[in-house]
Amino acid sequence: MQADDAQSVRDFWTPARVKKAVANEPKDNAAFARRAKAVTEPAKGVAKETDWGLKAEAQRILPTGKTTFAASADGVPEMPVAREVPFPQSVPAVVVGKILFIDKAGREHGCSGASVVSRSGNTVWTAGHCIHPGDGSGADGFYEKITFIPGFKKNAGSPDGYDAPWGKWTATKKVAPTEWTADSDFEDADMAAFNVAVPSGYTSLTAAVGAMGYRFGAGSDFPDVIDSGFPGEGYNRTDMDGFKQFYCTGNAEDASPWNPLDDRVKVDCDMGKGASGGPIATPEAQIISANSHYETQDDGVTRKNDDLFGSEHGGNAVAVINEINK
């Protein structure tokens, strides 16, 4: 498949198309939640074969010219009711951005993601379902016109209707676990990374906005995490529109006591559609998972509670970061 050049992708994302992408997020994620429910029911009964020994770790990197960073206190408070990020265009919040893409039918969609430490300095971490439908289509099935916008924020005074102060970074190389691309493995494989083309005037994504580190293979339980993204809606919320960055804080834990039958990461957070792919990270800005889905009632539509789930970032996450670094 011939790739689009970076400028044509940037030009594709007109204000009207960005609005369509954000507007489609609630419909996208409702269908996605139904799929997740179907494949994570405990009736599966057989533990997956997983290489528990694979680990990878990296520390965050600050953007060029930034030499200090105000670290959090000893812990973070329990805050399942998400708050809007007060300064989304300042360090460290700017490391999280909006992802736009189109599916095979040409429909516009949106997700969240974060700049992550990599050999190239031009890599975004997100959920697998934000760059591939997980339908068995393999390497030919990746979504198109994938674009990362750090500092994304609604701005009625802007010609585009939103801010993109660091430009639009378009995807080049894309990597997701085969367990995701083959059959939508929500428990162990809803994660992905993609490299981006550097817009004119920049040296790298990491130099521009910094990069989050990661801790892969460290399990599902973490006493303090910060969960970020651009939700288009939330659990009993009316103030989320897909243009504003929100965050929750609290603990990450095994989704079920029956690990490894269900080894997803669970965070109490009322963000929903559009926050998919946003990083779940330690206070030291190391990614330990990415927002994947919530669970619904039997009707497949009504959200059960404020729990938000991500795949455990173990061997598959290590494989993805290693592959993107090649």
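I take two strands as paired if DSSP finds at least two bridges between them. Strands (E, at least two residues) and helices (H or I, at least four) are DSSP runs, numbered from the N terminus.

**Entry 1. Ground rules.** The model is predicted, so I note the limits: local features need pLDDT of at least 70, side-chain atom pairs count only at pLDDT 80 or more, and totals for chains, interfaces and linings use all residues. Residues are numbered from 1 along each chain as its sequence is written, and side-chain values use heavy atoms, with hydrogens and water left out.

**Entry 2. Whole chain.** I counted 5 helices and 17 strands. Of the 326 residues, 57% count as buried (under 20% relative accessible area; exposed is over 50%, partly exposed in between; 1.4 Å probe, protein chains only). Next I looked up contacts (heavy atoms within 4.5 Å). Among those with a separation of 6 or more, 74% are between residues 24 or more positions apart.

**Entry 3. Strand β13.** I went to β13 (residues 246-254) and listed its partners. Strand β2 (residues 79-84) runs antiparallel to β13, with 3 bridges. There, methionine 79 stands opposite threonine 249. Strand β12 (residues 222-229) pairs with β13 over 6 bridges, also antiparallel. Phenylalanine 246 of β13 is the bridge partner of glycine 229. Strand β14 (residues 265-268) pairs with β13 in the antiparallel sense over 3 bridges. Glutamate 253 stands opposite lysine 266 of β14.

**Entry 4. The barrel.** I traced a closed barrel of 6 strands, in the order β3-β4-β5-β10-β9-β6, with antiparallel pairing. Its neighbouring strands are turned by 40° against each other on average, direction ignored (axes are lines fitted to C-alpha atoms). Strand β4 joins β5 (residues 123-126) through 2 bridges. Alanine 114 stands opposite tryptophan 125 of β5.

**Entry 5. Serine 115.** Is serine 115 buried or exposed? Serine 115 counts as buried because its relative accessibility is 0%. Serine 115 lies in β4 (residues 108-115). Leaving aside neighbours within four places in sequence, I find serine 115 in contact with residues including Val95, Phe148, Leu205 and Met212.

**Entry 6. Cavities.** I searched for cavities (sets of points on a 1 Å grid over the protein atoms alone where a 1.4 Å probe fits but cannot get out; lining residues have an atom within 4 Å of a point). The search found 2 of 30 Å³ or more.

Methods. Axes fitted to C-alpha atoms, helices over the stretch in contact; angles between N-to-C directions. 1 Å grid on protein atoms, 1.4 Å probe; cavity = no way out; pocket = protein on both sides within 12 Å on 5 of 7 lines; lining within 4 Å. Points joined across faces, edges and corners; volume = space filled by probe spheres on them.
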